[in-house]
Structures are given as structure tokens and as C-alpha cells.
Amino acid sequence: MKITVVGSGAWGTALALLLLENGNDVTLWSYHQEESNRMRDTHENPMLKGVPLPEELKLTTDLSSVKGCGLVVLATPSFAVRATAAQLRELVDPGTIVVSVSKGIEKDTSLRLSQVIEEELQGKCPVVVLSGPSHAEEVGRRIPTGVVAAADELSVAQKVQDLFMNPRFRVYTSDDKVGTEICAALKNVIALCAGCCDGMGYGDNTKALLMTRGLAEMARLGVALGGRKETFTGLAGVGDLIVTCTSMHSRNRRCGILLGQGKEIHEAMQEVGAVVEGYYAAANAQALAEKAGVEMPIAQAAYEVLYQGRDVHAVITDLMGRAKRSELDESWS
Ligand SMILES: NC(=O)C1=CN([C@@H]2O[C@H](COP(=O)(O)OP(=O)(O)OC[C@H]3O[C@@H](n4cnc5c(N)ncnc54)[C@H](O)[C@@H]3O)[C@@H](O)[C@H]2O)C=CC1
Ligand SMILES: O=C(CO)COP(=O)(O)O
């Protein structure tokens, strides 16, 4: 099948290689001409070091490469999804499956990214969400990985499953786009917090507490927005939360570590040198929690640290001192 992967960061590149390995005719589109030239000259993407790019992988900066494609993968940072999808509208063939693999929430609207793409494509194409514990660095090295393809129609999710799946990449289908995307965006916020705890020298107990209560918040919000609670205990939920909160590949966690060591957030993001989606998602978590009428104390704490400059120690003291409650007192469970 002819496929274009739109976005040549670490993730777009790893997925382009996977789809090429699966026997497809794959083009990788870059936003920056220099990025495309560098990959052509060096046969490597500096965002995905040590993974050679074969000659058969076509490189372009011309979005019209999506014409005639059966599948288009949208892999830009979340802030670029609307503008990129808007450009696709006139170029993409009706019925082409568009797979959204970015993890975030749109800044100004608090829309999920598949909603943003659907708005811009005006119903021309079915949109599938692909998410789960999948660091590009490991997928690029063909390390066994499993993800979820969520779509409104099972047959469309199954097509994506067929195209991406191979002996080293396992894809499960789901009909829960809402839950899958809420997991994808919010686990990055929790991973920033987990990194921060690591950077401050807190131990494994703190991280386990944060991840478990963070998951409860994610599920509370996701279920209130129409997601299914099973998604939160699946690959897109607990799976991606584990990998992002514990791996040194995670840009969100690495940014949090620097924050916990005392760096200012913008300095920390600069040092990470790749997109830190959790920073943006923390602002949206606030808006979504208010809209849904749910309590998200950890996301709220992250917002106060990231956007209001509150001291991390003070925020943790507040979280630890919240009113006593039962763990089982969860409306989503
Ligand atoms: N890196 C990973 O392991 C994974 C990343 N993701 C998600 O994929 C998305 C992309 O992440 P990465 O590939 O890691 O990014 P990256 O940080 O490796 O690279 C960012 C890319 O965005 C491009 N870019 C910058 N401004 C742009 C614009 N205005 N329009 C289009 N492209 C622009 C840059 O040229 C660069 O290619 C994020 O939402 C991330 O959460 C999802 C799963 C795994
Ligand atoms: O989503 C990811 C792994 O599943 C990548 O996480 P980071 O953006 O924190 O690197």
C-alpha cells in the first residue's frame, strides 16, 4: 500500500520504518527541509540515533505525496496537528485512513487530536488513534511492542491492525477513541510529575503512589468525557503510564527530572531537545477537569508548578495533606 507518514520526528520515523518493513511503499514527510536533507545525506534521523534509514524509504517536504495513499499517519507534535490536517484536506483522497499518533490535547480548544483532524478533514477520511507504550527508540530497534488502534468502526481499526502488525509489533483494536486519547495526553502530565519526584530524590514509593493516583485521575476524567474504564487498565492507559513514568527514553520524564533538580521549566524543555507534550497537556487537563466537573489534584498541582511557578515541595505537602478518603470511593470504578 502507498503510505505517507506526516512528521519526521522520532516517532514518525520509527513508524515509517515499521510500515516499510511490512512491505508498504512509504514516504516520510518533513516540516523542515534541512531535516529531510540531513536524513537523505546521513541515512539517519538525529532524533532516532543508531537506526539506519534504508534507500527505499522516500523522503519529502511536499505534502502532495498523500495523494493516492491508502493510509496517512499524522505524527507531528500536537501543536501542529490542526495546521497540518488543514493542509491535508485538499490533498488527501476521500476514504484514505488517517492514523493519529500524536499524544496531546489542542491548546486553545481542549479538543482531542482526532477531533481536531476530523474537524479539518470535514468527514473526508476515517480517523484512527494509535497509542500505547511505544518509545520510538525501541520500536526503531525492533524490540517487541504492543499498542492499541482505536476507531469508531471495528473494520477500520482492523485495517490499521493489519498494516502495522508484525512479529515485533502487536496491535490490539478498540472502539474507544475518547479513552485512548485521554490516556495518551494525560500520562505525559503524570510522567512529568514522576520525573520531578525522581529529580528531587524521592523513592519508588512516591512514584508508585503518583502513578496509581494519577491513573485514577486519568480514568475519572476519561470516563466523565465518555471513555471506557477498561481502556485505562489497558495498553494505552496503565501500559503507557508505566513506560513513560519509568523509562529514560521518556522526554516527559527527563524534563521532570530536570525540573525536580531545580531547573526552570523552559530551560528544562530546551535541554530535553524534543517535544515535551506533558507541559501543554497540563494546561488542558485543568480546562477539561473543570468542564467535566471532576477533581484532578495531581494535574492541578502540575499546572501550578508549570504555569504559576509554585514550589514543588509546597505542592507535594498540599497533596499529601488532602482530606482523608477511601481508595474505593471512585465513581468511575
Ligand atoms: N517519541 C516517541 O517515542 C513517541 C512520540 N509520540 C508522539 O508523537 C508526536 C511527535 O513526537 P516525536 O516524533 O517524538 O517528536 P520529536 O520531538 O522527535 O520531533 C518533533 C518533530 O516535529 C517537527 N515539527 C516542528 N514544528 C512543526 C510544525 N509546525 N509542523 C509540523 N512538524 C513540526 C520537527 O521538525 C520534528 O520533526 C508527539 O505528540 C509525541 O507525544 C507518540 C508515541 C511515541
Ligand atoms: O508516548 C511515549 C511512549 O509511549 C513517548 O513518551 P515521551 O514523549 O515522554 O518520550
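**A chat about the fold**

Mentor: Happy to. Let's start with His 266, which lies in helix 12 (residues 265–272); helices (H or I, at least four residues) and strands (E, at least two) are DSSP runs, numbered from the N terminus. Before we go on, this is a predicted model, where local features need pLDDT of at least 70, side-chain atom pairs count only at pLDDT 80 or more, and totals for chains, interfaces and linings use all residues. Residues are numbered from 1 along each chain as its sequence is written, while chains are lettered from A and ligands numbered from 1 in the order in which they are written.

Trainee: Got it. Is His 266 buried or exposed?

Mentor: His 266 counts as exposed, because it has 10 C-beta neighbours inside 10 Å. The rule is that a residue is buried if 20 or more other C-beta atoms lie within 10 Å of its own, exposed if 12 or fewer, and partly exposed in between, with C-beta atoms placed from the backbone.

Trainee: And what separates the C-alpha atoms of His 266 and Ala 224?

Mentor: They are separated by 32 Å, and the two residues are 42 apart along the chain.

Trainee: Let's zoom out. How many helices and strands are there in the protein?

Mentor: The protein has 15 helices and eight strands. Its C-alpha trace spans about 60 × 40 × 35 Å along the principal axes. Of its 333 residues, 52% count as buried.

Trainee: What is the radius of gyration, and what would a compact globule have?

Mentor: The protein has 19 Å, which agrees with the value near 20 Å that a compact globule of 333 residues would have. That radius is taken over C-alpha atoms, and the globule rule is 2.2 Å times the number of residues to the power 0.38.

Trainee: Which strands does strand 1 join?

Mentor: Strand 1 runs parallel to strand 2 (residues 25–29), with five bridges between them. It also runs parallel to strand 4 (residues 71–74), over four bridges. Two strands pair if DSSP finds at least two bridges between them. Take Ile 3 as a landmark: Val 26 stands opposite it in strand 2, and Leu 71 is its bridge partner in strand 4.

Trainee: What about strand 7? Which way does it run against strand 6?

Mentor: Strand 6 (residues 127–131) and strand 7 pair in the antiparallel sense, over three bridges. Val 129 has Ala 150 of strand 7 as its bridge partner. Strand 7 runs parallel to strand 8 (residues 169–174), with six bridges, and there the partner of Ala 150 is Ser 174. Strand 7, helix 6 (residues 154–164) and strand 8 also make a right-handed β-α-β unit.

Trainee: Nice. Changing topic: why does the length of helix 8 agree with what it should be?

Mentor: Helix 8 (residues 204–224) has 21 residues, so at 1.5 Å a residue it should span 30 Å, and its end C-alpha atoms are 30 Å apart. The expected span is 1.5 Å times one less than the number of residues.

Trainee: And what covers its buried residues?

Mentor: The cover includes helix 7 (177–199) and helix 10 (235–246). Among the buried residues of helix 8 are Leu 210, Met 211 and Gly 214.

Trainee: You mentioned helix 7. What is Glu 181 in contact with?

Mentor: Glu 181 is found in helix 7. Leaving aside neighbours within four places in sequence, Glu 181 is in contact with Arg 112, Leu 113, Ser 114 and Val 129; contact requires C-beta atoms, placed from the backbone, to lie within 7 Å. Glu 181 is buried, with 28 other C-beta atoms within 10 Å.

Trainee: Last one: which helix gives the most to the shell around ligand 2?

Mentor: Helix 10 does, with three residues.

Key: Contact = placed C-beta atoms within 7 Å. Right-handed = clockwise from strand over helix to strand, strands pointing away.
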